[in-house]
Amino acid sequence: MMEKLKTAALTLLVMLSLLQSYLLAYSYPQPEQPVIQEEYVKTEMLGTQVSLDEMLFPDHIVVHLGNQQHTVFYPQTEPYTEIFDTVKQRNLEGFRKNNLSALGMNWDDVAAKRPGVEIRFRDGLPLNVLQRIMQIKGDLPPDNDVITRIWIFAQNENEVRTILFTDTTNLIYEATKADFTTKDIEERFLGAVGTAIPYKPFNGSLYLPQKPIPMTAYTMPYTQLTVDQLKRTFFVDPAVTRNLMERDGSEIYTDSKRGLQLKSEQHWMTYSDPVAPSTDNKIDFLGNLLAAVQFINQHGGWNGTYGVQKVPERLLPGSQSYLFRQYYGAYPLINPRNENFGFIKITLQKDIVSGYERSTLTPEMRSVTRRELELVGGEALDAKLDQYTKKSQIVALFPAYRPVITDKSLELMPVWAMELYDGTYEFLE
């Protein structure tokens, strides 16, 4: 009897062993089965991907109505969109280089008396970059100068002139074959104005509103990119990175070649990847911009709407830095010390990214609270400017949002922002 039991038990064990071997040999994993959330760590970051063309737009448009009347429009407003869409549909060609003074024109007089528009790019964009969003035809000027504004105005009842101002003092181009008409100016440009706030000239080429500007303050929660997310984004093998603690409290992660510095209190990161120096003075603005956008799309994405703001000096050899400014609605986010939030800075050398700085915060746009406010205009704004001791140094004055970061939320507060000659920003308190 005992022998029969042993034989049966042995037979059962052999059959179970054969069954297990069959299952291991012929069974396949089931991809449709869900992965338990706690056992799965996402390797991608949550920012959106965008194209360069989406970040090429003027920071404001000035409309001259004649009879010393003016107004200003900002991005994403209906008149701004209507005017800029018309400009993008018209052809610009036949570029003739000229000396500004040689034109013999009083530009204050042109602004005051001749209807037209100024499409303004505060820091300028090269012509071959503008060509991606505008109908710029024919041979481009060989120097590919940086264009800061395009002024389209009625010379008389039948003639429209198109002047492109550059970042080089006294250098302009005229598009002699632009197909703008006086009908464009009367119907599409001036016709878009409606009941817009009137503006008056200030400090040369700037304009001030003669009434308060309605704006909205926003408060929203945010999330922060984690160390693990950032390590997986920037290092091929995060497991081999070393961690160093700096005296200022920042942390540095490195794989002996690339470095990632995290400043937790400032919610800021700086990535560096050393590139061999280059002495080539020739800069490929478009190639570098495309490489920069592609790199950001693959390394963190975009946590909001951005515009191309600063391009590098053309004659400086070596690495070149580009800056993308964040917008909320019609207005840019400005931090006077260039820290914490509101921009992405990226440095390239011959299309290779060597430096990358940005905030680690991602605003939660779906949980926004709003508060309606007004920015001062008219005599109240004049009085504030009269008290400002650096008034003669102002090169730009514009509505903006000042980001204020607390432990739990991000606030965007409407302010009058000023850019000074040295490139710094201040607020008109």
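I'll start with the tyrosines. Tyr-74, Tyr-218, Tyr-328, Tyr-331 and Tyr-401 are linked into a cluster by ring pairs. Keep in mind that this is a predicted model. Over the whole structure, the search gives 21 aromatic pairs. One of them is Trp-151 with Phe-153: the ring centres are 6.4 Å apart and the planes stand at 75°, so this pair is edge-to-face. Both partners are buried, Trp-151 at 2% relative accessibility and Phe-153 at 0%.

Two arginines also sit over rings. Arg-122 lies over the face of Phe-398, 3.9 Å from the ring centre. Arg-149 has its charged end over the ring of Phe-165, at 4.2 Å from the centre.

Now the cores. The largest nonpolar core holds 69 residues, and Phe-324 and Ile-346 have the most contacts inside it. Helix H7, residues 285-298, contributes the most to this core, with 8 residues. There is a second, separate core of 43 residues, which includes Trp-151, Phe-341, Tyr-388 and Met-418.

Back to Ile-346. Beyond four places in sequence, Ile-346 touches a set of residues that includes Ala-292, Phe-295, Ile-296, Phe-324, Val-353 and Tyr-356. Gln-320 and Ser-321 are also on the list for Ile-346.

Thr-347 is in strand E20, residues 343-349. Thr-347 has 15% relative accessibility, and because the cut-off for buried is under 20%, it counts as buried. Its side chain makes a polar contact of 2.9 Å with the side chain of Ser-321. Other residues that Thr-347 touches include Ser-319, Gln-320, Ile-352 and Val-353.

Is Asn-288 buried or exposed? Its relative accessibility is 5%, so Asn-288 counts as buried. Leaving out neighbours within four places, Asn-288 is in contact with Ile-283, Gln-320, Tyr-322, Leu-348, Lys-350 and Asp-351.

Last, helix H8, residues 378-387. Which residues of H8 are buried? They are Gly-378, Leu-381 and Leu-385. These residues cover an arc of only 65° around the axis, and therefore lie on the same side of H8. In an α-helix there are 3.6 residues a turn, so residues three or four places apart point the same way. On the other side of H8, Glu-379, Asp-386 and Gln-387 are exposed.

Definitions and conventions:
Residues numbered from 1 in each chain as written. Predicted model: local features only at pLDDT ≥ 70, side-chain atom pairs only at ≥ 80, totals over all residues. Heavy atoms only, no water. Core = buried A, V, L, I, M, F, W, Y, C linked by side-chain atoms within 4.5 Å. Buried < 20%, exposed > 50% of the residue type's maximum accessible area, 1.4 Å probe, protein only. Helix = DSSP H or I, 4+ residues; strand = E, 2+ residues; numbered from the N terminus. Contact = heavy atoms within 4.5 Å. Polar contact = N/O pair within 3.5 Å; in protein donor to acceptor, adjacent residues only side chain to side chain. Arc of directions from axis to C-beta. Phe/Tyr/Trp six-rings, centres within 6.5 Å; stacked < 30°, edge-to-face > 60°. Lys NZ or Arg CZ within 6 Å of the ring centre and 35° of its normal.
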